[in-house]
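Subject: Structure handover

Hi,

Here is the structure I promised you. Please open it first, then read my notes below.

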Amino acid sequence: VSRFALRGRVVTMDAAFTTLDDGVVYVDGNLIAAVSPHDAPAPQGFAGVTPVDVGGTLFPGLIELHNHLAYNVIGLWLVDRNGVDKRYSNRDQWPRNASYQTNLTGPMKVLSSIPSHVAAITRYVECKALFGGVTATQGITLSSNAGIRKFFIGLVRNVEETLDPELPDAKAKIGDVASKDAKAFRAALLKAKCYLLHLSEGTDAAAHQHFEALTSADPDAIEASLAGIHCVALKAADFKAMAQHKASMVWSPLSNLLLYGETADVKAARNAGVPIGLGPDWAYSGSKNLLGELKVARAVNALQKLGFSDRDLVRMATIDAARILRWDQHLGSIEAGKRADVIAVGGPSADPLEVLFKADESDIRLSVIDGNPRFGTTALMTKLGAAGESIKVGGAARVLSFTNDQPGAPSISLTDATQILSTSLKNMPALAKEAAKPKPAISALAAMDAPPQWRLALDEIEPSGVEIRPHLPVEGHFTGMTVMSAPLALAAALPAVIKPLRLDPVTFVDDPEYIDTIALEPNLGDDLKTALYAAYGRKPTAKPKGKKQPKPAAQPNV
Ligand SMILES: [Zn+2]
């Protein structure tokens, strides 16, 4: 498709917050050619193009600024802390928890040790984001046996490798030397337009020290490129310092609340003028996709009376996210001249933004990325001439299109990926035993001749020479645990303790367990659980089906 037009209600998210009750978005190649009321004359070149009625509201594609995609085959962790005080107070605590190792790090190491699973995992986790309206997300890093690293190329825009000279690449990993040396750290920040780094995850003094460390060696070390992920421990004065240096932050409320029982003081961040983006963090301790995280953000905003409007919250997932990436001239709103990243969301509501907050994945009727229809109802995709894999979302037929894939994208279908991964996760004990066996040595000569074998780079849990958070020193001590110093997963003991696991369903609407697991989470308040049931349009079941908890959390009172 090179030229087409989409008709529906249009929420442009432009500076004037223009909303057209019945508008048309004209797409030419990868760009939006025009946005106009349906009865206005078609722009030049579109005389013969009949607008396709999307039967819903058009929004800019959602941009998520934080996700550890590779791990999203594994579903929500029923957070536990070995029976003691349930809340964690900083991020160096939970990676040592036994159930974290048997549920996440262990299985991920096993899955990533099977080269044929790379395509299945990348296809699957990318679809999880895509089906939630996401058109740009953090990337998946692959590493080869020859020591090369590259980004996974797929359907959704990758903020870390855009392949588009007008969209600067964001960085999300810092060399482990630069992560510990103030001068090298600042030099690294200066090299990127946007540096997404975990910052002050947790509520205690140790979490706050990560921020103190940034400024202790050099008060100007915070650069405009810094986008701090989480920032839970930051105080109003810290956000003022961030704002002074034009730095920004990424909010992941559900993950923060699940682990720490508290989230970032986004009210103070906003009052200081810090731009805020949104990200689900990962399926293991967060929302399944950005659509879910928008529901959480709205519920937390209402309960904590933070004073954000619906428009502010949608901005975090569209134009403000684009601004943080320095992409706002090209993405983040539906405006002529911008890249054609557009989603169509169904569902009746007088209030246009309400449509997005109420939507689940079955309401995403169409997703266009860079002018390519990638996912949508069979009717819309057919009208737009986009063929592909037939799938079901919430029982309704959808088409997933791989047309115009970048060279190097995986060729596996979502159906096959789902089959492979659900089988492997079910067989996890046997696979763990296999993975623990010593491998036959390959001669150096044979290794040189073989094509590079790619695997997922599990930078978060394995030493790989890069870090996802700074570890600058305060008073001579490095802040926080690095991946290098983290205790290694159970390794040899793993086959004995690992259990068969469930593949996390690709959508909320096809996951009968998600919301009831939320209801069992020990660190979430009852009021938030009640609000999330309402936001997801579900009623609590009499007895939530979930993993057994020693002391079940109180049920929401609906
Ligand atoms: Zn994270």
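Is Ser 200 buried or exposed? With a relative accessible area of 1%, Ser 200 is buried. The cut-off for that label is under 20%. Keep in mind that this is a predicted model.

Some context for Ser 200. This residue sits in the loop that links strand S11 (195-199) with helix H4 (205-216).

Next, the metal site. The zinc ion has these protein donors: His 66, His 68 and His 198, each through NE2, and Asp 281 through OD. They lie 2.1 to 2.4 Å from the zinc ion. Along the chain, the donor spacing reads H-x1-H-x129-H-x82-D. His 66 and His 68 are both buried.

Why is the arrangement around the zinc ion called irregular? The angles subtended by the four donor atoms run from 81 to 167°. Four donors count as tetrahedral only if all angles lie between 85 and 135 degrees. For reference, the ideal angle for four tetrahedral donors is 109.5 degrees.

Two helix pairs are worth a look.

- H2 and H13: helix H2 (residues 117-131) packs against helix H13 (residues 414-426) at about 115°, and the axes are 9 Å apart. The two are therefore roughly perpendicular. Their crossing is left-handed. On the H2 side, the contact is made by His 117, Ala 120, Ile 121, Arg 123, Tyr 124, Cys 127 and Phe 131. H13 contributes Leu 414, Ala 417, Thr 418, Ile 420, Leu 421 and Ser 424.
- H6 and H8: helix H6 (residues 253-260) meets helix H8 (residues 290-303) at about 70°, with 8 Å between the axes. That makes this pair roughly perpendicular as well. Pro 253, Leu 254 and Leu 257 of H6 contact Glu 293, Val 296, Ala 297 and Val 300 of H8.

Last, His 477. This residue belongs to strand S23 (residues 477-478). His 477 counts as exposed, at 57% relative accessibility. How far apart are His 477 and Lys 180 in sequence and in space? They are separated by 297 residues in sequence, and by 9.9 Å from C-alpha to C-alpha.

Best regards

How values were computed:
Residues numbered from 1 in each chain as written. Predicted model: local features only at pLDDT ≥ 70, side-chain atom pairs only at ≥ 80, totals over all residues. Heavy atoms only, no water. Donors = N, O, S within 2.8 Å, 3.2 Å for Na, K, Ca; no water. Tetrahedral: all angles 85-135°; square planar, octahedral: opposite > 155°, others 65-115°. Buried < 20%, exposed > 50% of the residue type's maximum accessible area, 1.4 Å probe, protein only. Axes fitted to C-alpha atoms, helices over the stretch in contact; angles between N-to-C directions. Helix = DSSP H or I, 4+ residues; strand = E, 2+ residues; numbered from the N terminus. Parallel < 35°, antiparallel > 145°, perpendicular 65-115°, else oblique. Left-handed = near helix turned anticlockwise from the far one by under 90°. Contact = heavy atoms within 4.5 Å.
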